[in-house]
Amino acid sequence: MGWFKNLFKSKEEKQKAKKMELGLKKTKEYSFQGLKHLLETKKKVDDSFLNELEETLILSDMGIDFVLQYMESLKKTIKREKITDVDKLKSFLFDTFYSMYKGRENEKLVSASNGPTVYLFMGVNGTGKTTSIAKLAYKLKNENKSVMLIAGDTFRAAAKEQLITWGERLNIPVIYKQDGADPASVIFEGLRSAKAQKIDYVLIDTAGRLQTKINLMKELEKIYKVIGREIDGAPHEAFLVVDATTGQNGLNQAKVFNEVAKVTGVILTKLDGSSKGGIVLSISNSLEIPVKLYGFGEKAEDFDVFNIDNYLYSIFNGVLFEEENSE
């Protein structure tokens, strides 16, 4: 079955797909082996098969709401196409996954037409937020862009120090103040400096406190106001960093941030350490925002723009279709 025969148009795309497949190895081995077994052992599309399929997908950590919507869409397709054979259903299983992500597959990051491009980073502590900032900074610098980091998380112990360490390692300037300083004031000074130095990209860290929605909302509102006043149209991207290993708990955290902030995209971290990569589809469906970047490993280069084709290839290669080598 060659659904992905013409997917990769360049050697670079093949390499990216292979890299993502390696990062999603645990997800495929642990979360989608049940689906593979079901498709190999069942021949007829009937109520028993559909019930087992629904249960298998729920166990893959895609989330109950997503799976129920998926099954509803799939059943309509089965009825319309009059599908009774499991083998013939496989391509429609894939197409239904893709269609539920459709409209949120924009891979490009928004950039300012002139002046600094500002990216804001949000997320609870421990999700890999600071590391994601550093990895994106590394990626942008390798594209010959000038970058500045702003340590807007002034509340977590060592948050500033972590960002400074990354800045020194990557030879990228970091704007910071003492612990406990007003985040908005740090950001204000950082943006003024970025404009004066004609920096291309400014990456801003924020505190990951979730004690109350009200406090979080007030703090983010103040930050948004300062950024928007200093640079028209900023922040150009507001990223929510989610730890893939937390599965549905990560989705619940994402919902809170999405309620109080203008999130434009998700950064999914620690994909290689998780068997819960199915959360990609659940996040996109529940929050109606795209996963824009993903990370795995500790190296600065272990980070890339998210691509839905590569993602679906990575988890379904050898599951929904005969295994192909992307190299």
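# Legends to the close-up views

**View 1. Pro235 is found in the loop between helix 10 (213-230) and strand 5.** Here and below, helices (H or I, at least four residues) and strands (E, at least two) are DSSP runs, numbered from the N terminus. The structure is a predicted model, in which local features need pLDDT of at least 70 and side-chain atom pairs count only at pLDDT 80 or more, while totals for chains, interfaces and linings use all residues. Residues are numbered from 1 along each chain as its sequence is written, and side-chain values use heavy atoms, with hydrogens and water left out. The peptide bond that joins Ala234 to Pro235 is cis, and its omega is near 0°.

**View 2. One cavity of 30 Å³ or more turns up in a search of the whole structure.** Rolling a probe the size of a water molecule over the atoms shows where empty space is left. A cavity is a set of points, on a 1 Å grid over the protein atoms alone, where a 1.4 Å probe fits but cannot get out; lining residues have an atom within 4 Å of a point. Grid points are joined across faces, edges and corners, and the volume is the space filled by probe spheres set on the points. For the largest cavity this volume is about 50 Å³. Its lining consists of Gly123, Val124, Thr127, Leu240, Val241, Val242, Gly250, Gln253, Ala254 and Phe257. Strand 5 (237-243) and helix 11 (248-260) each supply at least two of the lining residues, and helix 11 gives the most, with four. By type, the lining has six nonpolar residues, four polar and no charged. In this count Ala, Val, Leu, Ile, Met, Phe, Trp, Tyr, Cys and Pro are nonpolar, Asp, Glu, Lys and Arg are charged, and the others, Gly among them, are polar.

**View 3. Thr269 lies in strand 6 (residues 265-269).** Buried means under 20% relative accessible area, exposed means over 50%, and partly exposed is in between (1.4 Å probe, protein chains only). Thr269 counts as buried because its relative accessibility is 5%. Contact means heavy atoms within 4.5 Å. Not counting residues up to four places away in sequence, Thr269 touches Thr127, Gly128, Ser132, Val241, Val242, Asp243, Ala244 and Gly295. Thr127, Val241 and Val242 also belong to the lining of the largest cavity.

**View 4. The largest nonpolar core has 83 residues, and Tyr311 and Phe316 touch the most other members.** Its largest share, seven residues, comes from helix 6 (residues 86-101). A second, separate core has 24 residues, including Leu149, Ile172, Phe239 and Val241. A nonpolar core is a set of buried Ala, Val, Leu, Ile, Met, Phe, Trp, Tyr and Cys residues joined through side-chain atoms within 4.5 Å. In soluble globular proteins, nonpolar side chains tend to be buried together.

**View 5. Helix 13 (residues 308-316) has eight of its nine residues buried, so it is largely enclosed by the rest of the structure.** The buried residues are Ile308, Asn310, Tyr311, Leu312, Tyr313, Ser314, Ile315 and Phe316. They pack against helix 1 (11-23), helix 2 (25-31), helix 3 (33-41), helix 6 and helix 12 (279-287). At the start of helix 13, a side-chain oxygen of Asn307 comes within 2.9 Å of the backbone nitrogen of Asp309. After the helix comes Gly318, with a positive phi near 85°.

**View 6. Helix 12 is also largely enclosed by the rest of the structure, because eight of its nine residues are buried.** These are Ile279, Val280, Leu281, Ser282, Ile283, Ser284, Asn285 and Leu287. Just after helix 12, Glu288 has a positive phi of about 60°. Glu288 is placed in the loop between helix 12 and strand 7 (291-295). With a relative accessible area of 59%, Glu288 is exposed.

**View 7. Asn171 has a positive phi of about 60°, although it is not a glycine.** Asn171 sits in the loop between helix 8 (159-170) and strand 3 (174-175). Its relative accessibility of 62% means that Asn171 counts as exposed.

**View 8. Thr117 lies in strand 1 (residues 117-122).** At 2% relative accessibility, Thr117 counts as buried. A polar atom of its side chain lies 2.8 Å from the backbone nitrogen of Ala112. Neighbours within four places in sequence aside, Thr117 is in contact with Val110, Ser111, Ala112, Asp200, Tyr201, Val202 and His236.

Conventions. On a 1 Å grid over the protein atoms alone, a cavity is a set of points where a 1.4 Å probe fits but cannot get out, and a pocket is an open set with protein on both sides within 12 Å along at least five of seven lines; lining residues have an atom within 4 Å of a point. A polar contact is a pair of N or O atoms within 3.5 Å; within protein, one must be able to donate a hydrogen and the other to accept it, and residues adjacent in sequence count only if both atoms are side-chain atoms.
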